[in-house]
Amino acid sequence: MFCRIAFLFSLLPVLCGAQVTISYDSKPTNDFFRIVGGQPTYLLTDSLEDPLIGRVAGMLVDDIERVTDQQLPLRSAISNNLSRAIIIGTVEHSKYIRQLLDRKKLDASTIVGQWERYLIETVQNPFPGIKEALVIAGSDRRGAAYGALALSEAIGVSPWYYWADVPVIKEENVSIKKERFVSKGPSVKYRGIFLNDEAPALRGWAEEQFGGFNHEFYEKVFELILRLKGNYLWPAMWRPTAFADDDSLNAKLADEYGIVVSTSHHEPMMRAHDEWSRYGGGEWNYQTNKEELQEFWRGGVERMQDYESVVTVGMRGDGDEAMGERTAVKLMQEIVRDQRTIIEEVTGRSADQTPQVWAIYKEVQDYYDKGMRVPNDIMVLFCDDNWGNVRILPKKADQDYPGGYGMYYHFDFVGGPVSYRWQNVTQIERVWEQMNLTYEWGVHDLWIVNVGDLKPMEFPISFFLDFAWNAEMKAADLPSYYTNWAKQQFGAQYAQEIGDIISLYTKYNARRTPEMLKPDTYSLENYREADEVLAEWQHLASRSQQIYESLSAPYRDAFYQLVLSPVLLCANLNEMYIAAGENQLYARQGRASANFYADKTKELFTKDAELTEDYHQLNDGKWNHFMDQTHIGYESWNNPPVNKMPPVTYIQPRANAGLGYLLEQGEPSPWTRSTLFSSTFQPFDPVNDQEYYIEVFNQGKTPLDYSIQTSEDWIKLSSTGGTIEYEEKVYVSIDWGKVPEGTVKGEVTISGGGRDFKVTVPLRSFMPVAAGFVENNGVIAIDAAKPDKMVTTKEVTWSVVPNMGRTGSSITMEPADAPVQQTGKKSPMLQYTFTALDSGQVTIATYLSPTLNYKKEDGLKYAIAIDDEEPQVINIHEGETQPDWEYPDWWNNSVTDHIKKKLSTHRVNKPGVHTLKVWMIDPGVVFQKFVLNSGGLKESYLGPPTSVYAEE
């Protein structure tokens, strides 16, 4: 018998034990309930229940048909000629579930009165005429819906079957093992998405497919949210869109799908932003136009009817702006008070009977910081900084606030320093770290995330809603999340490989958003940075293409959307910018290849449009208009009207071949201020066992013949010469077994084009016994996630967050709300062994995730020291003010580079082995890298690569 273990409600099932066994065998054993196969099965619901029950029963019927091509009958009364049923309902309102409870056929005591829980159990002889029933009982309407859709997911229907064309594998028979399963409730009460910044892509697609943002469009959205175990939506709202006004069926249908609709942070009282221009009168100013605004808001609450909703209260300026230059606390309090009066008058109930939320977004946080509070039944919605960094969290003393707390997060943003909208640039590891911090500081009532156009944010949307459902997830679970999600969409064969690709492309995109890339983002001269970045993208593209070609045809459309297209587009974009950078640099150096890279830049720019068109042609044009967002040529925070190629330069090379060269890790030439035509390398040593290149290039139109000779046989070359049109790298290394004792240098001679150049190959004269991370020419780079020793306590442990950060992994402390610590031998501490080659002053750059001062105190701190020196306490927020709508420079730099660097100065007393010590003081600090600079650090974006590690 073939069985598949299917996980009911989490892509991280190990956390909750939530699993059922599904069999596709034609003759399963008696401990399986047959859904399809053998005697017919029908679905039974109570027709008097909430409309969601009927809808989700129909969805389950459709899903079973997608798998088996068999359509099960859907009934509201017990069938006389069918003896096997699937019964779906709530413990409170379904007459069938209530009868089973009354007759002790079913025990639902663990879920009664709970929020969105369900149980699944097989019951024998539940009613006359039914020999066996699979019962899916919910504590409430959404609990029942999640139970039914958990079964859909278990039999192989992905939540993304429509939105990403994930195929459903056909089976003739489907059975479920007769085991009782009781779900946990969700960690977060309201969990949802915000469709935002939706033009031109999502709007263009919706208009073409459905005629606009009408109920036909939203039905697809509601279904997706429900399948992902979400329950909350801020609808699309860019002008000229208004959810409830554009189509009267939108709100009604949302309620029938169990989706709680609210309005965004600057749209109070259930009115869309564009409705003010349609129906409002006068200016959007409560001091001068109170009556008109009150009447406008009254209409929103009246239209809400009895639909399950959360009313946004408060007010911001017209067009997502501040109300004024000053923080008018008394005015804001008056506004909220008057809004609650309107709610009471319209609903006929006390205001505290209608769920409300106050979003302290951007400048509204100033009101909160200055002490303004709202009535304690109103939820307070905190916000990130639009770039995934949480701005503020409740103090521990305030965590029992009755109204509860929420968090508004971003995967997409239009605003400073530069908008990011085109591709998925979100690392789920960073989402986990910030939302885990959020959860552990008491924010349990609402998580909503701005997802832009929805596509191409499929993967982080899944993660965000899964994590909101089950916030017990740990950092160590993240790698398996990638694999499990890939398995759900593409099957098991390539799941681990696909998961790895997703983890890497999102990591690479998160280093710097595509919209912020420039020709000089990655260094072309130091640490082989641009070459490494380009090689990473090209390797990822090759791996993705190979999997695409290996997948069976049904999976290819989904794989193209979810994996291959973003990889190809972003690989191409990075290559284009690097080519533009090479063009500019090589033009300054007089290289003949400058013109080649100008042409290549244009070729790659054209390819971007071709790859976009390939996406538009996918599945007979189903996804036309997605990827329409411009993304090349930003000159300010806002997107350019059209994609604009980076500027290039053409030169007139000399007529005849001309020899030029550049040394990797060479001593800067005094007349070029670079390693162009440098006369000596930096020293080589046997521990680092360096391999540096000589880049030989041609400055003329005709091919260049060149040769390289060594003065000693211990100098190894990857090539001794050749003929080049443009350039070639020759790698230089040392055969240490052949170096005579006492030798301090050798020499290579570069010849070509009638010129000869001599370059010194120096050897380090003294090398101490090495252990740990070893200095290389004045630099030591340490991965923070690789300590030699971790000191923990009963209160605090260290947690590695795999893959999080710009290069390697990261390390932080848990729990995220741990108490403040003092430095000491038994305090939480990380230790790293390193070897210094010389004594003297060392500057340490600590690379940190750009966490904000969420405690709103004097800043988050850590301490750092070398050996036994007095620890230096570093405040990572020293000199910073919390960002508001003015975007301070320190914040612009942090979110542009996705890193925060804090410097400290230390002294190494002697060459040899030493210990770097780092103490935790405040929770929430995330370490990515330490760079020790004794004078050799070169400019780059990502920093020097990790140093060689020598075992003791």
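This is a predicted model: local features need pLDDT of at least 70, side-chain atom pairs count only at pLDDT 80 or more; totals for chains, interfaces and linings use all residues.
Which residue's backbone oxygen lies 2.7 Å from a polar atom of the side chain of Arg141?

**Stop 1: Arg141**

Arg141 is found in helix α3, which covers residues 141-154. The backbone oxygen in question belongs to Asp255, and it lies 2.7 Å from a polar atom of the arginine side chain. Is Arg141 buried or exposed? Its relative accessible area is 13%, and because the cut-off for buried is under 20%, Arg141 counts as buried. Now show what surrounds it. Apart from neighbours within four places in sequence, Arg141 is in contact with Asp50, Leu52, Ile53, Thr90, Asp255, Gly258 and Glu308.

**Stop 2: Leu233**

Next, select strand β12, residues 232-234, where Leu233 has its place. Leu233 is buried, with a relative accessible area of 0%. Colour its contacts: not counting residues up to four places away in sequence, Leu233 touches Ile193, Leu195, Tyr218, Val221, Phe222, Ile225, Ile259, Val260, Val261 and Ser262. Draw a C-alpha to C-alpha distance from Leu233 to Ser262; these two are 29 residues apart in sequence and 6.3 Å apart in space.

**Stop 3: Leu195 and the core**

From Leu233, step to Leu195, one of the residues that Leu233 touches. Beyond its neighbours within four places in sequence, Leu195 has contacts that include Leu202, Phe217, Trp234, Met237 and Val451. Leu195 also belongs to the largest nonpolar core, which has 222 residues. Within this core, the residues that touch the most other members are Leu195, Phe217, Trp358, Leu916 and Phe927. Helix α17, residues 553-588, gives the most to the core, with 20 residues. Then select Leu659, Phe677, Leu704 and Ile734, which are among the 29 residues of a second, separate core. In soluble globular proteins, nonpolar side chains tend to be buried together.

**Stop 4: helix α4**

Return to Leu202, a contact of Leu195 and one of the buried residues of α4. Select the whole of helix α4, residues 201-210. How many of its ten residues are buried? Seven are, so the helix is mostly covered. The buried ones are Ala201, Leu202, Arg203, Gly204, Trp205, Ala206 and Phe210. Just after the helix, stop at Gly211, which takes a positive phi of about 90°.

**Stop 5: helices α15 and α16**

Select α15 (residues 495-511) together with α16 (residues 529-550). Two packed helices are described by the angle between their axes and the distance between the axes. Here the angle is about 150° and the axes are 11 Å apart. That makes α15 roughly antiparallel to α16, because angles over 145 degrees are counted that way. The crossing of α15 past α16 is left-handed. To view the interface, show side chains on both helices. On the α15 side, the residues include Ile498, Ile501, Leu504, Tyr505 and Tyr508. They and others meet a set in α16 that includes Val533, Trp537, Leu540 and Ile547.

**Stop 6: Pro647**

Finish in the loop between α18 (593-621) and β19 (659-663), where Pro647 lies. Pro647 is exposed, with a relative accessible area of 62%. Which residues does Pro647 touch, not counting residues up to four places away in sequence? They are Asn583 and Gln584.

Notes
Residues are numbered from 1 along each chain as its sequence is written. Side-chain values use heavy atoms; hydrogens and water are left out. Buried means under 20% relative accessible area, exposed over 50%, partly exposed in between (1.4 Å probe, protein chains only). Helices (H or I, at least four residues) and strands (E, at least two) are DSSP runs, numbered from the N terminus. A polar contact is a pair of N or O atoms within 3.5 Å; within protein, one must be able to donate a hydrogen and the other to accept it, and residues adjacent in sequence count only if both atoms are side-chain atoms. Contact means heavy atoms within 4.5 Å. A nonpolar core is a set of buried Ala, Val, Leu, Ile, Met, Phe, Trp, Tyr and Cys residues joined through side-chain atoms within 4.5 Å. Axes are lines fitted to C-alpha atoms, for helices over the stretch in contact, and angles run from 0 to 180 degrees between N-to-C directions. Angles under 35 degrees count as roughly parallel, over 145 as roughly antiparallel, 65 to 115 as roughly perpendicular and the rest as oblique. A crossing is left-handed if the near helix is turned anticlockwise from the far one by less than a right angle, and right-handed if clockwise.
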